Amino acid sequence: ARFAVAARRVNPDLYPILHQRIMSFSGPLNEASLGRIAQDVGYDLDAVKAEEANPEVMQHLQETRLLAERLGIQGTPGFVTPNRVLRGYLEDAQIAAVVAELRAAP
């Protein structure tokens with residue numbers, strides 16, 4: 001999580017690609033594999049590593065953890081809508097139904 005937050009802060013435009021590559025990676029995620037994935041996407045790995053040391057990164061993670069605790073989210077994924085919290089994995093059809101409901105709301 002620290003690596004991902006740091007990478008997003010370094011280059012938010014590349015982050016969606018990085019996120020997709022990390023989520024679809026089939027091997028062990030560790031410093032070496034994250035570094036390779038980030039470089040393949042186009043990140044400056046030294047910049048990401050430097051940003052990981054930024055206290056704001058850990059503060060963001062701590063605030064996110066506290067928010068999840070207050071919302072009763074104990075794992076991933078968790079989805080927050082204006083009127084409810086959805087916990088756990090949802091099938092594509094379930095997500096589509098929630099999105100349709102939200103779009104139909106006044």
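In the predicted model, Glu101 and Arg84 form a salt bridge in which the closest N and O atoms are 3.0 Å apart. Because Glu101 lies in helix 6 and Arg84 in the loop between strand 1 and strand 2 (85-87), the pair ties together parts that are 17 residues apart in sequence. Both partners are partly exposed, with relative accessible areas of 37% for Glu101 and 33% for Arg84.

The structure holds five salt bridges. One of these connects Glu52 with Arg2, with 3.4 Å between the closest N and O atoms, and links distant parts of the chain, since Glu52 belongs to helix 4 (residues 45-52) and Arg2 to helix 1, 50 residues apart. Within this pair, Glu52 counts as buried at 19% relative accessibility, whereas Arg2 is partly exposed at 42%. Glu31 and Lys49 meet in a further salt bridge (3.4 Å, N to O), which links helix 3 to helix 4 across 18 residues; here Glu31 is exposed, at 58%, and Lys49 partly exposed, at 38%.

The largest pocket contains about 1,400 Å³ of space and is lined by 32 residues, of which Ala1, Ala4, Leu61, Thr64 and Thr76 lie nearest its centre. Helices 1, 2, 3 and 5, together with strand 1, each supply at least two lining residues, and helix 5 provides the largest share, eight residues. By class, the lining comprises 17 nonpolar, eight polar and seven charged residues.

Technical notes
Residues are numbered from 1 along each chain as its sequence is written. This is a predicted model: local features need pLDDT of at least 70, side-chain atom pairs count only at pLDDT 80 or more; totals for chains, interfaces and linings use all residues. Side-chain values use heavy atoms; hydrogens and water are left out. On a 1 Å grid over the protein atoms alone, a cavity is a set of points where a 1.4 Å probe fits but cannot get out, and a pocket is an open set with protein on both sides within 12 Å along at least five of seven lines; lining residues have an atom within 4 Å of a point. Grid points are joined across faces, edges and corners, and a volume is the space filled by probe spheres set on the points. Helices (H or I, at least four residues) and strands (E, at least two) are DSSP runs, numbered from the N terminus. Ala, Val, Leu, Ile, Met, Phe, Trp, Tyr, Cys and Pro count as nonpolar, Asp, Glu, Lys and Arg as charged, and the others, Gly among them, as polar. A salt bridge is a side-chain nitrogen of Lys or Arg within 4 Å of a carboxyl oxygen of Asp or Glu. Buried means under 20% relative accessible area, exposed over 50%, partly exposed in between (1.4 Å probe, protein chains only).
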